[in-house]
Amino acid sequence: MSTTISILADIPEELHDALIGYLDTHPDWDQSRVLSAALSLFLMQNGTADRRTTRVYLDSLFRRELPTAC
């Protein structure tokens, strides 16, 4: 079971510009997918051993939809 939670984050303008540039050239990606992949990869690389984090990362890369809560 997976729940989606919205977050609001301030990021540097340069990072935002790079994200918009990437999304403009990769129409199959969206902001949520990029941020989910980036955050889950960061957590995996920095000691999170939770298999759910790995699942989110792989699902983001291969564009599998995460199961939604009933």
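This note goes through the nonpolar core, the aromatic pair and a surface patch of a predicted model.

1. The core. Five residues, namely L19, L23, W29, V34 and A37, make up the largest nonpolar core. Helix α1, which spans 13-25, and helix α2 each contribute at least two residues to this core. W29 belongs to the set, and its relative accessibility of 16% places W29 in the buried class, because buried means under 20%.

2. Contacts of V34. When neighbours within four places in sequence are left aside, V34 is in contact with L19, L23 and W29, and also with Y22. L19, L23 and W29 are themselves listed, together with V34, in the largest nonpolar core. Y22, for its part, is partly exposed, with a relative accessible area of 34%.

3. The aromatic pair. One aromatic pair is found when the whole structure is searched. The partners are Y22 and W29, whose ring centres lie 6.3 Å apart and whose planes stand at 75 degrees, so the pair is classed as edge-to-face, given that angles over 60 degrees fall under that heading.

4. The surface patch. On the surface, L39, F42 and L43 form a nonpolar patch, and together they have about 270 Å² of accessible area. L39 lies in helix α2, which covers residues 31-45. With a relative accessible area of 48%, L39 counts as partly exposed, because exposed would require over 50%.

Key. Residues numbered from 1 in each chain as written. Predicted model: local features only at pLDDT ≥ 70, side-chain atom pairs only at ≥ 80, totals over all residues. Heavy atoms only, no water. Patch = residues over 30% accessible without salt bridge, like charges linked within 9 Å, V, L, I, M, F, W, Y side chains within 5 Å. Areas by Shrake-Rupley, 256 points an atom, 1.4 Å probe, with all protein chains shown as cover. Salt bridge = Lys/Arg side-chain N within 4 Å of Asp/Glu carboxyl O. Helix = DSSP H or I, 4+ residues; strand = E, 2+ residues; numbered from the N terminus. Buried < 20%, exposed > 50% of the residue type's maximum accessible area, 1.4 Å probe, protein only. Core = buried A, V, L, I, M, F, W, Y, C linked by side-chain atoms within 4.5 Å. Contact = heavy atoms within 4.5 Å. Phe/Tyr/Trp six-rings, centres within 6.5 Å; stacked < 30°, edge-to-face > 60°.
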